[in-house]
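Please find below a colleague's note on the model under discussion.

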Amino acid sequence: MNKAVQPSRAKAALLLVICTCMVTQAQQLPSDTAIARESVKQAPRTEAAISKAERQARQLRMPVPDVGRPPVLSVPDPAAIAKRYQSDQRPDAGLFVLVSLTMPPGSLDRLAAQAGKAGATLVLRGMLGGSFKKTTELIADIIRKHPGTQFHIDPTLFRRFNVVQVPTFVLTVRPEDNQTCGRDCDANNTFARVAGDVSLDYALEHLSKQGDQRFAHLAGERLKQIRGQL
């Protein structure tokens, strides 16, 4: 009797264990209410994660900082140059380098660079080949490379200083009576000059050795300007 009952009890115990496991597993699965409640709790964390991800994405898409554009150098207007240097004014004092646009480009370029430093004026006899357009274009090209260059178009200065070759370097001073130069300028000893295909600083060194201290002093001052000593 006892032997017959024991298998039944064993089966019942086994069924009890299986049912208990099923109930335990069923209890481990969250209900819809629990899922909704947990979703509410997780919402702030999810939004925070999304916001962080968006910030990171924006940082990756940030544009390159604007460091500024290089300055645009304006090209001199040939017409403006011509208007500026076809003035009726006659310079009475200063440093002039009488040149021609037919000179070797290297020599003209060197003189233009030094003239800007020394405050000298490059003087032309007239238009190159009688062409207004070609002359102003060449002048504009020189000024573009050497912004401090000053030009003057005046054939009378070539006659006044008796220039027969270029370049000729001329230092001028005002007449002692402080009047505008006229036909008597040469007689009043108002200029000193040196001619030759040399640099402006070399010409000024020669002029600084003049016996007339007026020209020697002026040449020395302009020479210091070229050498950056002022």
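Predicted model: local features only at pLDDT ≥ 70, side-chain atom pairs only at ≥ 80, totals over all residues.

1. The protein chain contains eight helices and five strands. Read from the N terminus, its elements follow the order α-α-α-β-α-β-α-β-α-β-β-α-α.

2. Of the 230 residues in the protein chain, 31% count as buried. The accessible surface of the chain amounts to about 15,700 Å², and carbon and sulfur atoms contribute 55% of that area. Among contacts with a separation of 6 or more, 73% are between residues 24 or more positions apart.

3. Parallel pairing. Strand 1 (residues 94-98) pairs with strand 2 in the parallel sense, over three bridges. Within this pairing, Leu122 of strand 2 is the bridge partner of Val97. Strand 2 also pairs with strand 3 in the parallel sense, here over four bridges, and Leu124 stands opposite Ile153 of strand 3. The chain passes from strand 2 through helix 5 to strand 3 in a right-handed β-α-β crossover. A right-handed β-α-β unit is likewise made by strand 1, helix 4 (residues 105-118) and strand 2.

4. Antiparallel pairing. Strand 4 pairs with strand 1 in the antiparallel sense over five bridges, with Val97 opposite Phe169. Strand 4 is also joined to strand 5 (residues 191-195) by five bridges, and these two strands run antiparallel. In that pairing Leu171 stands opposite Ala192.

5. Burial of the strands. Which residues of strand 2 are buried on each face? Thr121 and Val123 are buried on one side of strand 2 (residues 121-124), and Leu122 and Leu124 are buried on the other. In strand 4 (residues 168-172), five of the five residues are buried, so the strand is largely enclosed by the rest of the structure. Thr168, Val170 and Thr172 point one way from strand 4, while Phe169 and Leu171 point the other way.

6. Nonpolar cores. The largest nonpolar core has 32 residues, and Val97, Val99, Leu200 and Leu204 touch the most other members. Helix 4 supplies the largest share of this core, namely five residues. Apart from this core lies another of nine residues, including Leu98, Val123, Phe161 and Phe191. With residues up to four places away in sequence left out, Leu204 touches Leu95, Ala219, Arg222, Leu223 and Ile226.

7. Phe158. This residue lies in helix 6 (residues 155-160). Why does Phe158 count as buried? Its relative accessibility is 3%, and the cut-off for a buried residue is under 20%. Beyond neighbours within four places in sequence, Phe158 is in contact with Leu98, Val99, Val123, Leu124, Arg125, Val163 and Val166. Phe158 and Arg125 are separated by 33 residues in sequence, whereas their C-alpha atoms are 6.7 Å apart.

8. Thr149. Thr149 is located in the loop between helix 5 (132-145) and strand 3 (150-153). Because its relative accessibility is 2%, Thr149 counts as buried. Which backbone oxygen does the side chain of Thr149 reach at 2.8 Å? It is that of His146.

9. The peptide bond joining Val166 and Pro167 is cis, with omega at about -5°. Asn162 has phi near 55°, a positive value in a residue other than glycine.

10. Val97 is paired with Leu122, stands opposite Phe169 of strand 4, and belongs to the largest nonpolar core. Val123 is buried in strand 2, is in contact with Phe158, and is one of the residues of the nine-residue core. Val166 is likewise in contact with Phe158, and a cis peptide bond joins Val166 to Pro167.

Methods:
Residues numbered from 1 in each chain as written. Heavy atoms only, no water. Buried < 20%, exposed > 50% of the residue type's maximum accessible area, 1.4 Å probe, protein only. Polar contact = N/O pair within 3.5 Å; in protein donor to acceptor, adjacent residues only side chain to side chain. Pairing = 2+ DSSP bridges. Right-handed = clockwise from strand over helix to strand, strands pointing away. Contact = heavy atoms within 4.5 Å. Areas by Shrake-Rupley, 256 points an atom, 1.4 Å probe, with all protein chains shown as cover. Core = buried A, V, L, I, M, F, W, Y, C linked by side-chain atoms within 4.5 Å.
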